[in-house]
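Subject: Structure for you to look at

Hello,

Please open the structure below and keep it on screen while you read. My notes on it follow.

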Amino acid sequence: MTSSGTSSGTDFPTYPSGLMLEDRKVVVVGGGTVAQRRVPGLIAAGARVELVSPTVTPAIEGLVGSGEVTWHERVFADADVDGAWYVIAATDDAEVNAAVVAAAERRHTFCVRADDATGGSAWTPAVGRHGEVTVAVLGDQRDHRDPRRTAALRDRILERLHSGELDTEPGPRTPGVVLIGGGPGDPDLITLAGRKALMEADVVVADRLAPRELLGDLSPDVELVDVAKLPRGRSAQQEEINRVIVEAALAGKRVARFKGGDNFVFGRGYEEIIACREAGVPVTVIPGISSPIAVPAIAGIPVTHRGVTHEFTVVSGHVPPGHPDSLVDWEGLARMRGTLVLMMAVENAPAIAASLVANGKDPWTPVAVVCDGTMPTQRTVLATLTTLADRLVEEAVKAPAIIVVGEVVRVAHPEAF
Ligand SMILES: C[S@@+](CC[C@H](N)C(=O)[O-])C[C@H]1O[C@@H](n2cnc3c(N)ncnc32)[C@H](O)[C@@H]1O
């Protein structure tokens, strides 16, 4: 905790403390957006939250409905703070806030005053969390006029914790394998948990589509295994990956299996889980933002839109329709009215478009091919099922690409259709 604060009217610094609020009455006076920001943290701390206000925001009403908050639907009365351990005055009326502070003061209960921090007996720090650690930054008098200063400092500390630059767990690390979904490519689109686990690894086994810029942040002593350099042949390569991750974990290392998107979406992640389990290696999973949703989104194409589609279907196009290995019901897909999202389908797109049309899909159904989603080279090629094959050649489209088929493409690009 960082503190250089001085309390109201004195030169003394504040005394930082972590409140244990489980099953203790906390009174929040006010039902607007300030209260809305404070209440979830109180609930998370296990407090019995009693909120006093004639009106509340819909979000607070939801918390009342779910039984997480007790709402007294009226103006504040002094007796409301009877028995409270902590009070927050968060109305938009300075007189009411002052009355809440005074009532709390008479009962020796600490009270935060939202509209004038120096007018209460406690301050709310800028708070953030990283794993088990809570970072709370309390500024000085200046920060009450400019609370963004403490928030910015908190963010800088959290960034360093998330990136692994600041270590909260310098002790021994638990060996095992963690499957980390890296998101579609932009290093900012990995989850906080994914980034943390990546920075804690001793060995990182990375795929071609994993956000490679993040590998530059790894400590120099981390062993990096580039899957592209393992022996060729799809199943031989997968067996080799399984062997590498299991052997490293059995040698006491913390292994990050780092892939693009989500490891379970056409990522063979579960084969690695099975290999680890068979070898008695502990394995955990950190989901990633998967490309069939994220790549259209970043290109401004929604996979669903109210009144347009009630379903979206994600399909691998790595084998064409009619191929003996195909597990896809292309005839059924042609009958569906919703959005079709094709992955690994650039090569087979002409055959897929032809099959959809032959099975009854409108030949003028809009299509968007989003290439290199979230990368600097990202681009979108628009077509219809009829023109798709020619457009792919004209635009020299190469993998990786997500192909979106359906009316949502028209919604996003009405000018083109
Ligand atoms: C083997 S799959 C892996 C998918 C990944 N596990 C996921 O959840 O996104 C590879 C396919 O994902 C799609 N893909 C992944 N990242 C992409 C990106 N940044 N832009 C476009 N397509 C992408 C492409 O269809 C590519 O052929």
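Start with helix 9, where Ser291, Pro292, Ile293, Ala294, Val295, Pro296 and Ile298 are buried. Buried means that 20 or more other C-beta atoms, placed from the backbone, lie within 10 Å of the residue's own; exposed means 12 or fewer, and partly exposed is in between. Helices (H or I, at least four residues) and strands (E, at least two) are DSSP runs, numbered from the N terminus.

Two points on how to read this. The model is predicted, so local features need pLDDT of at least 70 and side-chain atom pairs count only at pLDDT 80 or more, while totals for chains, interfaces and linings use all residues. Residues are numbered from 1 along each chain as its sequence is written.

Back to helix 9. Because 7 of its 8 residues are buried, helix 9 is largely enclosed by the rest of the structure. What do its buried residues pack against? They pack against strand 14 (312-316), strand 15 (339-343), strand 16 (366-371) and strand 18. Contact here means that the C-beta atoms of two residues, placed from the backbone, lie within 7 Å. Just after helix 9, Gly300 has a positive phi of about 80°.

Two strands pair if DSSP finds at least two bridges between them.

Here are some of the pairs:
- Strand 14 and strand 15 run parallel, with 5 bridges. Phe312 has Thr339 of strand 15 as its bridge partner.
- Strand 15 and strand 18 run antiparallel, with 3 bridges. Leu342 is partnered by Ile403 of strand 18.
- Strand 16 and strand 18 are antiparallel too, over 5 bridges. Cys371 stands opposite Ala401 of strand 18.

Look closely at strand 18. In a regular strand the side chains alternate between the two faces of the sheet. In strand 18, Ala401, Ile403 and Val405 are buried on one side, and Ile402 and Val404 are buried on the other.

Next, the domains. The assignment gives domain 1 (2-139 + 146-161), domain 2 (176-286) and domain 3 (293-416). These bounds come from an automatic or database domain assignment. The C-alpha centres of domain 2 and domain 3 are 29 Å apart. Where they touch, 7 residues of domain 2 contact 9 residues of domain 3. That side of domain 2 has 4 nonpolar residues, 2 polar and 1 charged. Ala, Val, Leu, Ile, Met, Phe, Trp, Tyr, Cys and Pro count as nonpolar, Asp, Glu, Lys and Arg as charged, and the others, Gly among them, as polar.

Last, the ligand. Which residues are closest to it? They are Gly261, Val265, Ser290, Ser291 and Gly373, out of 23 that surround it. A residue is near a molecule if its C-beta atom, placed from the backbone, lies within 6 Å of it. Helix 9 (291-298) and strand 18 (401-405) each give two or more residues to this shell. By class, the shell has 12 nonpolar, 8 polar and 3 charged residues. Domain 2 and domain 3 both give residues to the shell, so the ligand lies between them.

Best wishes
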